[in-house]
Amino acid sequence: MHLVLLHSPLIGPSAWLAVAAEALERGHKVSLPAIPDLNLIPQPYYPVIGRGVARQIEGQGAATLVVHSSAGGLAPSVVAASEGRIDHVVFVDAILPHPNRSWFDTTGVVFADALRATVQDGLAPPWDQWFPAGVIADLIDDANARAVFEGELNPTPVAFLEEVAPDLDLPENVAWSYLRLSEAYEAEAARARSQGRPTLREDLHHLAMFTHSFEVMNALSNLLRIGG
C-alpha cells in the first residue's frame, strides 16, 4: 500500500513522521509531501496547493491520500491535480470537503470571531497560539518532538482562512473513510458515518500522530481493510 500522508497547511509535515516510520516498518510505501509556508504561496491557495502536492507524488502509482485537520478541505484539489493516482482518501480528525465555503465557514462563529480579533497585518498568529498556554505541551509531552513541531509553525494569512474552496468534491470512483481521534471532530465523523462511509473512532487527541503512532497506524490499517 502507498500512503500519502498530508499535514494540515496550518502546521508542518513533522506531524506524520512517527506514523510514516511505523508504516515503513510494516512494509508500506510512504510519501510525505510538504505544503510550503502559506505566506509563500500565491492565491488561489486550494488549486496551487493541490498541484504542488500532486507534483510531489508523480510517477508513484495508485495511492491512498491521508489528510489531517484542515488538509481535509484540500483533498478534492489534490485528487483532481493527481489525475487518477489517488483511489482512496482517509480523513483523520479532519474537516470534510467544503465546496464553495471557506475555512471560516466550517468552524463555529464564536471561534471564528475570536480568531479574527487576533489578526494583525492580514496574519493570524501561528496555530499553537490559537489555544490557551500549555495545550500543545499537554498533547506532545516529548520536548524534542514539540520543538520540531513548533519550529514549523508560521503566522497564517487570513486570506487562506477566508478563501472559498473550489466547486469540487471527491469523484465517485474515489473511496473515502474517516478516522476520528478527538471529540472535537465527532460531528465530522458522524457525517461520514451517516453517508455510509467506513468510520473509526479512537479516544486519543488531535495530534495523536506524534504520541500514539502505533495506534494511529493500526486504525488506518483497519479502516482501509474495512474500506476495501
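This is a predicted model: local features need pLDDT of at least 70, side-chain atom pairs count only at pLDDT 80 or more; totals for chains, interfaces and linings use all residues.
F111 is partly exposed, with a relative accessible area of 31%, a value between the 20% limit for buried and the 50% limit for exposed.

**Aromatic pairs**

- Ten aromatic pairs are counted in the model.
- F91 and W176 make an edge-to-face pair, with 5.5 Å from centre to centre and 85° between the planes.
- That pair joins distant parts of the chain, since F91 belongs to strand 4 (residues 86–92) and W176 to strand 7 (residues 175–180), 85 residues apart.
- F91 and W176 are both buried.
- F111 and F131 have ring centres 6.4 Å apart and planes at 25°, so they count as a stacked pair, given that stacking calls for planes under 30 degrees apart.
- Here too distant parts of the chain are linked: F111 lies in helix 5 (residues 109–116), while F131 lies in the loop between strand 5 (123–124) and helix 6, 20 residues apart.
- Like F111, F131 is partly exposed, because its relative accessible area is 28%, which falls between the limits of 20% and 50%.
- Both F111 and F131 belong to a cluster linked by ring pairs, together with W103, F104, W127, W130, F149 and F210.

**Charges over rings**

- R116 lies over the face of F104, at 3.9 Å from the ring centre; F104 is one of the residues in the aromatic cluster.
- R26 sits over the face of F214, and here the distance to the ring centre is 5.1 Å.

**The largest pocket**

- The largest pocket has a volume of about 530 Å³.
- Its lining has 26 residues, and those closest to the centre of the pocket are S69, F131, A184, Y185 and H206.
- At least two lining residues come from each of helix 4 (103–106), helix 6 (135–139) and helix 9 (186–194).
- By residue type, the lining splits into 14 nonpolar, nine polar and three charged residues.

**The second largest pocket**

- The second largest pocket holds about 160 Å³ of space.
- Its lining consists of L96, P97, D169, L170, P171, E172, V174, W176, R191, Q195 and R197.
- W176 in this lining is also the edge-to-face partner of F91.

Conventions. Residues are numbered from 1 along each chain as its sequence is written. Side-chain values use heavy atoms; hydrogens and water are left out. On a 1 Å grid over the protein atoms alone, a cavity is a set of points where a 1.4 Å probe fits but cannot get out, and a pocket is an open set with protein on both sides within 12 Å along at least five of seven lines; lining residues have an atom within 4 Å of a point. Grid points are joined across faces, edges and corners, and a volume is the space filled by probe spheres set on the points. Helices (H or I, at least four residues) and strands (E, at least two) are DSSP runs, numbered from the N terminus. Ala, Val, Leu, Ile, Met, Phe, Trp, Tyr, Cys and Pro count as nonpolar, Asp, Glu, Lys and Arg as charged, and the others, Gly among them, as polar. Rings of Phe, Tyr and Trp (its six-membered ring) pair if their centres lie within 6.5 Å; planes under 30 degrees apart count as stacked, over 60 as edge-to-face and the rest as tilted. Buried means under 20% relative accessible area, exposed over 50%, partly exposed in between (1.4 Å probe, protein chains only). A charge sits over a ring if NZ of Lys or CZ of Arg is within 6 Å of the ring centre and within 35 degrees of the ring normal.
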